[in-house]
Amino acid sequence: STKGHFLMNICFLGLTVCILLSATSTTSLAEPAVRNGEAIAFLGDSITQNGYSNPAGYVHLVIDGLKKAGIDVTPIPAGVSGNKSNQMLARVDQDVLSKKPQWMTLSCGVNDVWHGEHGVPLEAYKTNIVALVDKADAAGVKVVILTSTMIMEGEPNSTNNRKLADYNAFLRALAKERGYRIADLSADMIAGHGQGRLYTCDGVHMNILGNKMMASGILRALGVDEPLIQACNESWKSLPKTTKTSIGLSENELSTLKADAAKAQLPLEDYLRSLLFRDK
C-alpha cells in the first residue's frame, strides 16, 4: 500500500541517517597514531637542535600538542647543528635506535643543499636517506618524514630553493612508497609565505611562528584533529618570551599592547612611552 511504502521509506531514511551519524562520529573520535608512554626521536640538524633547546621550539610544541590530546610521550632530542644526510646516517644507531623509540621524525636536506660543494649531491642524498630509514624499519621504528623548509626564506625562487625542491620531491615519493607519515613543511611554509608570513629569524632557523608551523604539520601527520591543532596554536600565543622585544613578551601580550596603542591612536613606541612616564 501507499502507506506501507511511505513507512518503509521513512525507515530507510532513518537507517541511512544513523549510518551517516555513526560514520561521522567514528571519524571525529579518531585517535592519534602515537600511544601513551611511547617515545619520539627527533633526528635533524640545527633547526631540530634549536627545536629542542628552545623551550618554545617545535619539539616541545609537538609534545605539548600530544599532551593536550591526552597522550604523554617522551622526546629524544637528536638534532645536531650543521648535519647532513651522511652524518645523520653515521649516528642514527647511537643517537636514535639505541634509545629504543617507537617513532622517529626525520628532518634532513637543508644543509645537504645549503653547504654547496661541501654538501651532498641529490643521488648520494637519496642513498643516505634510504639507508637511514632502512635502519629504522629494521628496528621497528615508525618514520615520519619532514620535508625541508626554505633556505633563506625571503628568496623562494633562489638557486638553492629550486635545488632543494628535488630533494623534497624525493622525500615525498619515498614516504608514498614506504607508507610513511609525512609532514610537508616545505609546502606549508611556501603557502604561509605567500600570505606574507615570516617563519624564520634569519632566513633558515625558526622563530615562534615557524616552530608553530612545524609542530602543527607534525601533529597533523600523527593524526591529531585539526580543531585541537588550532586550539594548540592559540594556547601557544601565551608562551613567554617568544617575541622580539627586550622584555620578552608573549604573542598575546604584544597583541594586547598593539590593540591598546591603536585605541589611543598612538604608535606602539609612543604608547609604551606614555605608560612609562604618565605619572611623572
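Me: In strand 4, which residue is the bridge partner of Trp-103?
Reply: Trp-103 is partnered by Lys-142. This is a predicted model, so local features need pLDDT of at least 70 and side-chain atom pairs count only at pLDDT 80 or more, while totals for chains, interfaces and linings use all residues. Residues are numbered from 1 along each chain as its sequence is written, and side-chain values use heavy atoms, with hydrogens and water left out.

Me: How many bridges join strand 3 to strand 4?
Reply: Five, and the two strands run parallel. Two strands are said to pair if DSSP finds at least two bridges between them.

Me: Where does strand 3 sit, and is it buried or exposed?
Reply: Strand 3 covers residues 103–107, and five of its five residues are buried, so the strand is largely enclosed by the rest of the structure. Buried here means under 20% relative accessible area, exposed means over 50%, and partly exposed is in between, with a 1.4 Å probe and protein chains only.

Me: Which residues are on which side of it?
Reply: Trp-103, Thr-105 and Ser-107 are on one side of strand 3, with Met-104 and Leu-106 on the other. Both faces are covered.

Me: What is the strand order in the sheet?
Reply: The order is 2-1-3-4-5, in an open sheet of five strands with parallel pairing. Strand 2 (74–79) and strand 5 (181–183) stand at the edges with a single partner strand each, so one side of each has no neighbour in the sheet. Neighbouring strands are turned by 20° against each other on average, direction ignored.

Me: Which strands does helix 3 touch?
Reply: Helix 3 packs on the sheet and touches strand 1, strand 2, strand 3 and strand 4, and its direction makes about 155° with that of strand 1. Axes are lines fitted to C-alpha atoms, for helices over the stretch in contact, and angles run from 0 to 180 degrees between N-to-C directions.

Me: Which residues of helix 3 are buried?
Reply: Helix 3 spans residues 58–68, and its buried residues are Tyr-58, Val-59, Leu-61, Val-62, Ile-63, Gly-65 and Leu-66. Just after the helix, Gly-70 takes a positive phi of about 85°.

Me: Which residue other than glycine has a positive phi?
Reply: Met-152 has phi near 65° and Lys-241 about 55°. Met-152 is in the loop between strand 4 and helix 7 and counts as partly exposed at 30% relative accessibility. Lys-241 is in the loop between helix 10 (226–236) and helix 11 (251–263), and counts as exposed at 67%.

Me: Switching to Ser-148. Where does it lie?
Reply: Ser-148 is in the loop between strand 4 (142–146) and helix 7 (159–178). Ser-148 is buried, with a relative accessible area of 4%.

Me: What does its side chain reach?
Reply: The side chain of Ser-148 reaches the backbone oxygen of Cys-108 at 3.2 Å. Leaving aside neighbours within four places in sequence, Ser-148 is in contact (heavy atoms within 4.5 Å) with Cys-108, Gly-109, Val-110, Leu-164, Asn-168 and Ser-186.

Me: What pLDDT does the protein average?
Reply: The average pLDDT, the predictor's confidence in each residue from 0 to 100, is 86, and 83% of the residues score at least 70. Over residues 1–29 the pLDDT is below 50, and beyond near neighbours in sequence this stretch has one contact in the model. Where pLDDT is low, the predicted coordinates should not be read in detail.

Me: How many helices and strands are there in the protein?
Reply: Twelve helices and five strands. These are DSSP runs numbered from the N terminus: H or I with at least four residues for helices, E with at least two for strands.

Me: And what percentage of the residues count as buried?
Reply: Of the 280 residues, 42% count as buried. Among contacts between residues at least 6 apart in sequence, 69% join residues at least 24 apart.

Key
Polar contact = N/O pair within 3.5 Å; in protein donor to acceptor, adjacent residues only side chain to side chain.
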